Protein chains: 2
Amino acid sequence: MAERFEIVEKTLIAMLEEKKYVTLRDILSTMNPSDVAAVFEDLEEDQIPLMFRLLPKELAAETFVEMEPDAQELLIRGFSDNELKEVVDELYVDDAADLVEEMPANVVRRILQQADPEMRSSINQILRYPDNSAGSIMTTEYVSLRPTMTVGEAILRIRRQGVDKETIYTCYVISKDRKLLGLVTVKDLLLAEDDETKIEDFMLTNLISVTTQTDQEEVAHMFSKYNFLALPVVDGENRMVGIVTFDDAMDVMEDEATEDIEIMAGMTPSEKTYLRSSPLDLFRHRIPWLMLLMVSATFTGMIISSFEDALSMLPALTAFIPMLMDTGGNCGSQSSVTVIRSLSLGELEFGDLLKVIWKEIRTAVLCGVALAAVCFLKILLVDRLLMHNESINLLVDGAVCLTLSVTVVIAKVVGCTLPMLAKKLGFDPAVMASPFITTIVDALSLLVYFMFAKTLLGL
Amino acid sequence: MAERFEIVEKTLIAMLEEKKYVTLRDILSTMNPSDVAAVFEDLEEDQIPLMFRLLPKELAAETFVEMEPDAQELLIRGFSDNELKEVVDELYVDDAADLVEEMPANVVRRILQQADPEMRSSINQILRYPDNSAGSIMTTEYVSLRPTMTVGEAILRIRRQGVDKETIYTCYVISKDRKLLGLVTVKDLLLAEDDETKIEDFMLTNLISVTTQTDQEEVAHMFSKYNFLALPVVDGENRMVGIVTFDDAMDVMEDEATEDIEIMAGMTPSEKTYLRSSPLDLFRHRIPWLMLLMVSATFTGMIISSFEDALSMLPALTAFIPMLMDTGGNCGSQSSVTVIRSLSLGELEFGDLLKVIWKEIRTAVLCGVALAAVCFLKILLVDRLLMHNESINLLVDGAVCLTLSVTVVIAKVVGCTLPMLAKKLGFDPAVMASPFITTIVDALSLLVYFMFAKTLLGL
């Protein structure tokens, strides 16, 4: 699939270089805008405007939306006012708002100059909503119907107005003062038995809507829960202001999952794709957590220092430190990641905390016993019998395995509790994933280790 | 939002207990099937059939689809053959196939007995496709048109056939031998100027389709890339066999992200939600990796054992082991997780390997220098001056910081390379995430540490 596309891409670029513009235009015209945009990714800077001018008007605008911001900016800087107006006219309002948000101020000024007054005011309206809110991802172009229309009139209105709307399949019924009254789908309208039926006798009135302030992650969940094509966005007085469509919800779902994964791995989330990020970008997103975690490992170091005497009396104890720390870290990150994902899918709430802790304790006991049993045998067979390490006797083995099982329980309880507390306190639970948990569990597991070593071995 | 819903839920359950069936039925009738299914989650076993029988027929079937498998099984076991037939008749084929896959054999036999012959054969067809393939998530209910139909005839056909189809908005044009020729959307049909236009002069012919064998993850990507409502599924001879709809693609996206996250945290992926998993379930999904990683930590232990003499000559060296191991692990997991996510979003391919390694090396040098500089000062100020640890001189400090920066580079190179190699070899790259990388990087960082310590400090 991907390889086949690369061949097509190379052929197209070769055609551009050989100036076979007519054939090139014919092929491009049959392609999907996302694929055309992907071809632009691999063009030289001076080829981009050349190829863009070959595209038919509508495809040009659709491709433009799918392009990376740097290519968009390059194109706009090269456009005449007329060319810019042609592209802007074809954009949906939400795409135009995204574009305005990405571009530098002088480019934005030109875009807004070329937009017609209605679009300009819609763009401004969308831009006023906070980042990541439903208002910021909605579009104001939807089909609205009046409750007193008949089915026939509604279909006629859709046929007249539909061409500029992002979706025509869900239509919203609003009153004169723009209050949201109900919805009808095109399916309902087409399958209606009688063209004279009034919309108000027919529409779905028990509506699920979001407000302009609803977080986009919650909006995306509602799509995956209810399987909607579009979701109406209302203001504080239930006045209809726009719709969010399923494709934008899909993008949000994908972005939010990526963001969670990045945060869980101890990075600040990035908007750029990996290949477009410079080493300096990557450095900036990665260094804060690395620095913080490195400095906090000082505590672990201090714990070890304070038990230096014990370690020098029985140096074999040192060899088990990495195994204890790693197993603790792995156990903790399993629990924290499971809880973080469940929180972000809305399957868990803070009220479930005790239930979760109890479940994790039971799981931890099972894991702890199994791990300790295998570890006990492994130490006996490998370290003692195979490697003839005389200083490892049954008591040492016991201290290590006891530490292991206690560490597993601590790790799982810490791992499940911290993300839920973070959520309760209004932080992003994803922060409480493996790097952070590992650092805490490391310190705790060492304390437990040395406590058992001292007690059991009398060091 | 969630709290408001809890209040509604409690009221409904109270009504059921007080036998206010008529009011209860009226309220349930206005609710969304997903929300009704959520109410069933909190009912006692004996209340489930009672409340289910209150639902109007269509809502009952839609709610049934959204319910958890254990509630579904309970209901089916209580159904008369007639009741079962009523529910099965209302199901879409893909939902029926999902149901059949979840239920035990004797329940499946009853379901298939009640399905009409056409549905039975469709279910069997879907079940024959491999798990996680497009064939296994598609539905066979779509609107098909003939190329010679006019726009008017097509609309008429949709009005006649549409009621049983999962989506009517994208219609597929197929030849007499079921080859996929093109598609038209209801939007195109409604906005067409002339009802007499032939479909073949009008349809989109440059189609993007998948085969029954295409992996569901790739299907989901195509939805998020192209913003389709539905995607046609064809067999090896380009004969149309079904469609995948956007709502199923959304579920796949969410499930695949969860699966990646679980694997990255060292768990085998689970189909059950966290709250529905028993401690034994969790144990089974978590113990394999824990066991493997614990046993492989034996190597780290061996490395430490073999440098026992050096450590006992300069015990202060031990205190830095956790910091070096953790920082290495964190650096490695940042790189591996970034690469894994980019691979699974299709932004990276194996061909980019050298580009990726070169980018990671430059990032690692930046991170390594910054971390080493801060670490050098921290050791000087905290360990040496503040804590008066006399055994830590500039040479020791230098050995630690040199190890730190080399470890960072190794960790990032290992972290980005292993997932890409895994992908190339046909394994799931997500396996190569932090737990696995950490174990490898731990061993490497200790080797580097002891090498520098020996060389610089002459131990």
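Where in chain A is Arg178(A) found? Select Arg178(A) and colour the strands around it: this residue belongs to the loop between strand E2 (170–174) and strand E3 (180–185) of chain A. The model on screen is a predicted one, and the predictor's confidence for chain A has a mean pLDDT of 87, with 99% of the residues of that chain reaching 70 or more. For the complex the predictor reports an ipTM of 0.81 and a pTM of 0.81.

Staying on Arg178(A), display the backbone and read the torsion: phi is positive, at about 65°, although the residue is not a glycine. As background, most residues other than glycine have a negative phi. With a relative accessibility of 40%, Arg178(A) counts as partly exposed, because that value falls between the 20% and 50% cut-offs.

Now move to chain B and select Asn238(B), which sits in the loop between strand E5 (230–234) and strand E6 (240–245) of that chain. Asn238(B) is not a glycine either, and has a positive phi of about 60°. Its relative accessible area is 33%, and Asn238(B) is therefore partly exposed.

**The sheet of chain A**

Return to chain A and show strands E1, E2 and E3 as a cartoon; they form an open sheet of three strands in the order E1-E2-E3, with mixed pairing. Strand E1 (144–145) and E3 stand at the edges with a single partner strand each, so one side of each has no neighbour in the sheet. Between E1(A) and E2(A) the pairing is parallel and runs over two bridges. To see where these two strands face each other, select Leu145(A), which stands opposite Val173(A) in E2(A).

Next, select Ser342(A), which is part of helix H18 (residues 321–344) of chain A. Is Ser342(A) buried or exposed? Its relative accessible area is 5%, and Ser342(A) is therefore buried. Once neighbours within four places in sequence are set aside, the contacts of Ser342(A) are with Glu347(A), Leu348(A) and, in the other chain, Tyr274(B).

**The cavities**

To centre the view on the largest cavity, select Met253(A), Ala257(A), Met253(B), Glu254(B) and Ala257(B), which lie nearest its centre among the 23 residues of its lining. Helices H14 (216–226), H15 (246–264) and H18 of chain A, together with helices H14 (216–226), H15 (246–264) and H18 (321–344) of chain B, each supply at least two residues of this lining. The largest share, six residues, comes from H15(B). Coloured by residue class, the lining of the largest cavity divides into nine nonpolar, four polar and 10 charged residues.

The second largest cavity holds about 210 Å³ of space. Its lining has 18 residues, and those to select for its centre are Asn330(A), Ser434(A), Thr438(A), Asn330(B) and Thr438(B), the closest ones. Two or more lining residues come from each of H18 and helix H21 (434–457) of chain A, and likewise from H18 and helix H21 (434–457) of chain B. By class, the lining of the second largest cavity consists of four nonpolar, 11 polar and three charged residues.

Conventions
Residues are numbered from 1 along each chain as its sequence is written. Chains are lettered from A and ligands numbered from 1 in the order in which they are written. This is a predicted model: local features need pLDDT of at least 70, side-chain atom pairs count only at pLDDT 80 or more; totals for chains, interfaces and linings use all residues. Side-chain values use heavy atoms; hydrogens and water are left out. Helices (H or I, at least four residues) and strands (E, at least two) are DSSP runs, numbered from the N terminus. Buried means under 20% relative accessible area, exposed over 50%, partly exposed in between (1.4 Å probe, protein chains only). Contact means heavy atoms within 4.5 Å. Two strands pair if DSSP finds at least two bridges between them. On a 1 Å grid over the protein atoms alone, a cavity is a set of points where a 1.4 Å probe fits but cannot get out, and a pocket is an open set with protein on both sides within 12 Å along at least five of seven lines; lining residues have an atom within 4 Å of a point. Ala, Val, Leu, Ile, Met, Phe, Trp, Tyr, Cys and Pro count as nonpolar, Asp, Glu, Lys and Arg as charged, and the others, Gly among them, as polar. Grid points are joined across faces, edges and corners, and a volume is the space filled by probe spheres set on the points. pLDDT is the predictor's confidence in each residue, from 0 to 100.
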